[in-house]
Amino acid sequence: MFEPSILFASVLNGLTTGAVYALIALGLTLIYGVLHIINFAHGAALMMALYGVYFLYRKLGLDPYLALPVMVPVMFAAGYALYRWVIGKASHGKDENILLVTLGVSIVLENLALLFWTSDTRTIETKYTFTTVAIGPALIALPKLAAFAGALIATAILLAIVARTDLGRAIRACAKERQGAQLVGIDVEHVYAMSFGIGLACLGAAACFLLPAYYVNPQVGNGFVLIAFTIVVLGGMGSFAGALVGGFLIGVVESLGGLWLGESLGQIGIFLIFIVVLLFRPRGLFGARA
């Protein structure tokens, strides 16, 4: 049995990781909640955002955290344009077409990354990469604490946008009843594109918080998006609160699983939870009844 100090450190580590997982999952659950489709290009978009942060640091010397004002608008614009002029036009109003298009976009982006940047894994090293902060008996890496705080702030901003702005009200209207939203004069395609853009903007923020302590290669998004899908299902499809709580829960389970089973088997607990949720509560922890 592990000492309480070790367990405490493991839980803290899981919470800091889970906050970033939640931020990635929030973008995914926003897109699902409004468009009612799964975005298979989510992982590839995160990968591109990570490359963007990497090259801003390597070419311009821009610190990953200072890259936030650049990456968030860039990813938003990319998401808006991708939906407005590719996904929306190719779907012809059919959800199954959107699934196929986002899958195709994912394959194209990953192969473009392989073509231009090869399969090499790339990292950056900042002055604070290996800095640690003492919290009680635990030592937590400073980049993880910054990611935890940043992910919470970004989540709060997203929730405020959805709950308190005209755009947020339009997003909620389109999510509930598309035809009714059209009847009251809402430009539904514009709202869909805005939602897709905001979902990818979350990935821009997540990439800035991740890279000081993580790496990037053309396949890096696959692992994250698999966890994000699990979080969305665990929390409840389309639920922001569920994505946040699910992210924390998955982060802690992964950390404790790695402590007991080793890093290579640490994610087993995540998928056991996923199976249990599908069996006994398929709508998720915060999902609405059908």
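The structure is a predicted model. Its largest nonpolar core has 75 residues, and the count of disulfides comes to zero.

**Helices H1 and H6**

- Helix H1 covers residues 4–35 and helix H6 covers residues 166–176; their axes come within 7 Å and cross at roughly 55°.
- The two helices are therefore oblique to each other.
- On the H1 side, the contact is made by Leu30, Gly33 and Val34.
- On the H6 side, Ile171, Cys174 and Ala175 take part.
- Five residues of this contact are nonpolar, one is polar and none is charged.

**The largest nonpolar core**

- Of the 75 residues in this core, Ile24, Leu46, Leu50, Met71 and Phe196 touch the most other members.
- Helix H8 (residues 188–210) gives the most to the core, with 16 residues.
- Leaving aside neighbours within four places in sequence, isoleucine 24 is in contact with His42, Leu46, Leu203, Ala206, Leu210, Phe224 and Ala228.
- As general background, nonpolar side chains tend to be buried together in soluble globular proteins.

**Histidine 42**

- Histidine 42 is found in helix H2, which covers residues 42–60.
- Histidine 42 has a relative accessible area of 1%, so this residue is buried, given that buried means under 20%.
- Apart from neighbours within four places in sequence, histidine 42 is in contact with Ile24, Gly27, Leu28, Ile31, Gly199, Leu203 and Val225.

- A disulfide is a covalent bond between the sulfur atoms of two cysteines.
- The cysteine sulfur closest to that of cysteine 202 belongs to cysteine 208, but the distance is 12 Å, which is too far for a bond.
- For cysteine 208, the closest cysteine sulfur is in cysteine 202, again at 12 Å and too far for a bond.
- A disulfide needs the two sulfur atoms to be within 2.5 Å.
- Cysteine 202 counts as buried because its relative accessibility is 8%.
- Cysteine 208 also counts as buried, at 0% relative accessibility.

**Phenylalanine 148**

- Phenylalanine 148 has its place in helix H5 (residues 142–164).
- Phenylalanine 148 counts as partly exposed, with 25% relative accessibility.
- Phenylalanine 148 and leucine 15 are 133 residues apart along the chain, yet their C-alpha atoms are separated by 7.6 Å.
- Setting aside neighbours within four places in sequence, phenylalanine 148 is in contact with Leu15, Thr16, Ala19 and Phe248.

Notes
Residues are numbered from 1 along each chain as its sequence is written. This is a predicted model: local features need pLDDT of at least 70, side-chain atom pairs count only at pLDDT 80 or more; totals for chains, interfaces and linings use all residues. Side-chain values use heavy atoms; hydrogens and water are left out. Axes are lines fitted to C-alpha atoms, for helices over the stretch in contact, and angles run from 0 to 180 degrees between N-to-C directions. Helices (H or I, at least four residues) and strands (E, at least two) are DSSP runs, numbered from the N terminus. Angles under 35 degrees count as roughly parallel, over 145 as roughly antiparallel, 65 to 115 as roughly perpendicular and the rest as oblique. Contact means heavy atoms within 4.5 Å. Ala, Val, Leu, Ile, Met, Phe, Trp, Tyr, Cys and Pro count as nonpolar, Asp, Glu, Lys and Arg as charged, and the others, Gly among them, as polar. Buried means under 20% relative accessible area, exposed over 50%, partly exposed in between (1.4 Å probe, protein chains only). A nonpolar core is a set of buried Ala, Val, Leu, Ile, Met, Phe, Trp, Tyr and Cys residues joined through side-chain atoms within 4.5 Å.
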